[in-house]
Amino acid sequence: MLTPPLRRLGVCAAVLALAAGLPPVASAAEVLAALERAFRQAAARAAPAVVGIEVERDAVPAARREVAEFLLPPGTPASGVVVAPEGLVLTSARNVAGAREVRVVLPAGGRLLGEVLATDAELDLALVRALDAPADLPAVAFRPAVPPPVGSWLVVVGFGPEGRPSVNTGIVSAIGRFDGLMLQTDAAINHTNRGGLAVDIEGRPLGVVVHRSDRVGVNSGVGFVAAAGRIAERLPALSRGESIAPRPRPFLGIRLGEERLDPSGIVVAGVLPGSAAAAAELLAGDLIHRIGEVTITDARSLSRALRRYAPGDRVVVVVVRDGVPRELELVLGARPEADE
Amino acid sequence: MSWQRRRASAGQGSARQAAAVRRAAAVVALALAALLPGRAVADEVQEAADGALELARRLQAEVQAAVARAAPAFITVSGGSGVVISPEGWALTNHHVVAGHRIGDRWWVRLRGDRPYIAQLVGTDPQGDIALLKLESEQPLPWVPLGDSDALRVGELVLALGNPFGLAEDAEPTVTLGVVSALHLNRGGYSDAIQTDAPLNPGNSGGPLLNLAGELVGINGRIAVRFGNRMNTGVGYAIPSKQIGRFLPVLRQGGVVRHGRLQGVRVRTAEPRGSGAEVTSVARDSDAARAGLQAGDRIVAVDGTPVPSATRLLGVLGTYPAGATVTVEVVRGSGTTALQVELSAPVQQPVQGSGAWLGVRLGGASEDTGQPGVEVTEVVPGSPAAAAGLRPGDRIVSLHGTAVQSAPELVTVIRGLEPGTRIEIEVERGGARLTLAATLGRR
């Protein structure tokens with residue numbers, strides 16, 4: 001559906017002329033056709049291991065369902081990636097959340113019942129075992145990997161209509177998001193290719209497409225991929241049926257006031273009773289200037305500083321009270337569960 | 001850069017073709033030959049040949065290089081974005097990102113790599129939606145040079161750096177890739193906007209739009225949204241570097257900067273369409289009269305920029321600061337004349353705020369097609385807004401009798417009033433219109 005318009009295009013040939021050492025390309029259409037072939041080639045390497053994920057759920061409240069789901073024919077599958085030839089499939093945990101029944105749909109057309117072995121709440125992954133899988137399914141091996149440079153091509157291969165691959169392309173928008181767990185991409189991510197495989201232009205696996213945050217709109221140009229290196233680290237535990245719960249986040253127990261410039265920091269607007277801050281006798285009006293090694297500037301720097309710690313850790317906090325610096329030792333509490 | 005020289009000889013694409021490029025590079029559903037099992041897949045892969053892959057890698061390297069050049073100059077500013085444009089620390093962002101601050105305010109911003117710097121608001125241009133900050137640093141800072149936005153072509157690849165949804169940990173920017181979809185748009189409050197389909201979302205405001213040489217060609221500021229969903233729709237608008245360049249000297253001098261206008265003239269698009277802007281009347285003793293403009297003149301260019309219509313004329317004029325002098329080329333009778341016209345400031349404008357305070361955070365990053373007013377994203381507890389019953393999600397349609405369509409407009413109305421003034425706020429909430437009453441506080 002796309003090749004004819006591409007061939008009619010006459011867009012900057014110079015885009016290609018930057019190829020030092022290569023002869024200048026005669027027509028821009030050839031450049032774009034070459035790009036198209038490269039994407040298709042990369043997707044072809046990925047496609048054999050991409051499967052469909054169908055679920056049966058008890059009625060989901062309308063507010064929780066994405067608008068996009070309304071627009072798709074009922075039962076349109078989401079995607080998954082085969083990670084072991086005996087039928088282990090990784091998908092986005094969100095795809096199977098609350099499911100009564102999970103089915104794995106093979107590209108050739110078979111439907112297999114699946115059971116969820118384990119989930120990783122931080123990476124938003126679920127490992128599904130396809131029951132009665134045929135021997136030797138094509139599988140992807142995730143290995144520890146150096147993340148690709150920002151600006152690299154990223155190709156998302158999902159499970160498309162009638163088992164044919166669907167392909168979305170974009171670039172790597174950022175790496176190391178969410179404490180090093182995810183890549184970010186502007187390739188269009190939607191309900192159907194979530195759980196699919198992301199590869200680079202060479203066809204090498206970069207990770208699995210996941211749902212990270214309700215704050216980020218579907219198909220907004222901001223999408224997340226659980227990074228290949230992290231998957232490689234977590235897969236052994238998941239294969240043993242060990243689920244990974246979200247890591248509890250440390251909690252001071254204060255309401256934040258305004259930021260100050262000199263000395264820098266955040267003013268404590270209030271202290272929550274029973275919190276770590278209360279136990280350390282932090283007072284409203286104190287200026288939080290340092291947490292551990294980190295000098296605090298704005299509110300974001302405070303939450304970044306806290307992320308280095310876990311609940312129960314002892315941390316030395318420098319506050320400025322009535323113009324005088326004081327050191328307080330805190331034992332951090334645990335943050336109540338909250339959406340990202 | 002070699003690619004820039006060769007670009008001059010490239011063909012020109014139409015907007016529709018540019019859209020096709022983007023579609024090709026974006027959502028694709030391919031019926032792959034990969035349907036065929038085993039050997040046939042391998043054959044197709046071989047046939048594609050390394051020539052295609054090599055070209056893709058080269059373009060990729062260029063994109064990576066542009067990112068590497070520009071990303072170090074990226075800053076996060078008050079939940080939005082910005083970019084450093086000189087080693088001394090001058091930085092740009094949108095006016096609406098800093099609308100809660102006053103000239104001279106200093107606060108923390110962060111440079112890529114999570115390095116905090118104190119920035120001062122030196123100058124701001126509410127109409128053009130550009131603000132100039134000065135970062136305080138003893139060492140020279142990474143910076144991006146301004147490119148030539150007039151040299152952009154529709155279909156050209158561009159990169160946007162920003163902080164959508166506040167995701168930038170360590171102030172690492174989000175990088176999105178797209179094309180120039182259209183140029184010179186007089187729309188949504190922007191006089192001469194670049195339209196792009198590089199994904200832009202709330203938090204991208206104030207961030208740079210870059211060409212593949214890593215030069216700043218625009219500052220991203222608005223997105224078209226649908227159904228009140230503040231999210232990328234593939235239509236984003238940036239203020240062009242050409243306009244920014246005209247304002248930088250005045251912004252550096254400091255204060256709130258006004259745009260110039262051609263005072264004393266009425267125009268309409270001339271017939272046949274595309275032939276210019278016809279002057280229908282010239283007021284006596286006006287700047288236009290003093291410059292020698294006459295009714296019946298057909299304006300065809302401003303400072304060498306062709307103006308095929310009245311809309312475009314107003315758009316071009318909107319890119320100049322008050323006090324600028326421009327050369328207006330007019331066709332009169334059988335000949336053409338060049339006239340020097342001074343663009344003066346609009347008559348009534350409050351220069352500094354009064355200190356009046358309502359207590360709301362506003363959504364300012366979108367041009368809502370069909371959505372009235374300005375969205376309230378946050379209500380400060382204990383503020384006049386809270387006492388009035390304003391809620392996050394409300395859209396303020398008018399304030400004290402003045403209709404408002406953007407955050408800068410609303411702030412301007414408030415700043416023009418005294419603390420203690422009782423005002424009526426017309427609000428749209430859940431499809432219904434309400435009138436709330438508030439007494440303005442003091443900042």
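User: OK, chain A then. How many helices and strands are there?

Analyst: Chain A has 9 helices and 20 strands.

User: What share of its residues is buried?

Analyst: Buried residues account for 49% of the 340 residues in chain A.

User: What's the mean pLDDT of chain A?

Analyst: The mean is 86. Of the residues in chain A, 85% reach 70 or more.

User: And where is the pLDDT below 50?

Analyst: Over residues 1–23 of chain A. That stretch still has 63 contacts in the model beyond near neighbours in sequence. Where pLDDT is low, the predicted coordinates should not be read in detail.

User: Noted. Which strands make up the closed barrel in chain A?

Analyst: There are 6 of them, in the order E1-E2-E3-E6-E5-E4. The pairing is antiparallel.

User: How many degrees are neighbouring strands turned against each other?

Analyst: On average 40 degrees, with direction ignored.

User: Zoom in on E2 and E3 of chain A. How many bridges?

Analyst: E2 covers residues 78–84 and E3 covers residues 88–92 of chain A. They pair in the antiparallel sense over 3 bridges.

User: Which residue stands opposite A:Ala84?

Analyst: A:Leu88, in E3(A).

User: Switching to chain B. What does the domain assignment give?

Analyst: For chain B, the assignment gives domain 1 (69–258), domain 2 (265–342) and domain 3 (356–442).

User: How far apart are the C-alpha centres of domain 1 and domain 3 of chain B?

Analyst: Those two centres lie 25 Å apart.

User: Now E3 and E4 of chain B. How many bridges join them?

Analyst: 2 bridges, and the strands run antiparallel. E3 spans residues 80–84 and E4 spans residues 90–93 of chain B. In E4(B), B:Ala91 is the bridge partner of B:Val84.

User: What is in the turn of that hairpin?

Analyst: The hairpin of E3(B) and E4(B) has 5 residues between the strands. One of the turn residues is B:Gly89, with a positive phi of about 110 degrees.

User: Which strand do 4 bridges join to E4(B)?

Analyst: E7 of chain B, residues 130–135, running antiparallel to E4(B). B:Leu92 has B:Leu132 in E7(B) as its bridge partner.

User: Further along chain B, what pairs with E17?

Analyst: E16 (residues 277–282) pairs with E17 (residues 298–302) in the antiparallel sense over 2 bridges, both strands being in chain B. E19 of chain B, residues 325–332, also pairs antiparallel with E17(B), over 4 bridges.

User: Where does B:Arg298 come in?

Analyst: B:Arg298 is in E17(B) and stands opposite B:Glu278. B:Arg298 also stands opposite B:Val331 in E19(B).

User: And E18(B)? How many bridges to E17(B)?

Analyst: 2 bridges, antiparallel, with E18 at residues 305–306 of chain B. B:Val302 stands opposite B:Thr305 in E18(B).

User: Which residue takes a positive phi in the hairpin of E17(B) and E18(B)?

Analyst: B:Asp303, near 50 degrees. That hairpin has 2 residues between the strands.

Definitions and conventions: Residues are numbered from 1 along each chain as its sequence is written. Chains are lettered from A and ligands numbered from 1 in the order in which they are written. This is a predicted model: local features need pLDDT of at least 70, side-chain atom pairs count only at pLDDT 80 or more; totals for chains, interfaces and linings use all residues. Two strands pair if DSSP finds at least two bridges between them. Axes are lines fitted to C-alpha atoms, for helices over the stretch in contact, and angles run from 0 to 180 degrees between N-to-C directions. A residue is buried if 20 or more other C-beta atoms lie within 10 Å of its own, exposed if 12 or fewer, and partly exposed in between; C-beta atoms are placed from the backbone. Domain bounds come from an automatic or database domain assignment. pLDDT is the predictor's confidence in each residue, from 0 to 100. Two residues are in contact if their C-beta atoms, placed from the backbone, lie within 7 Å.
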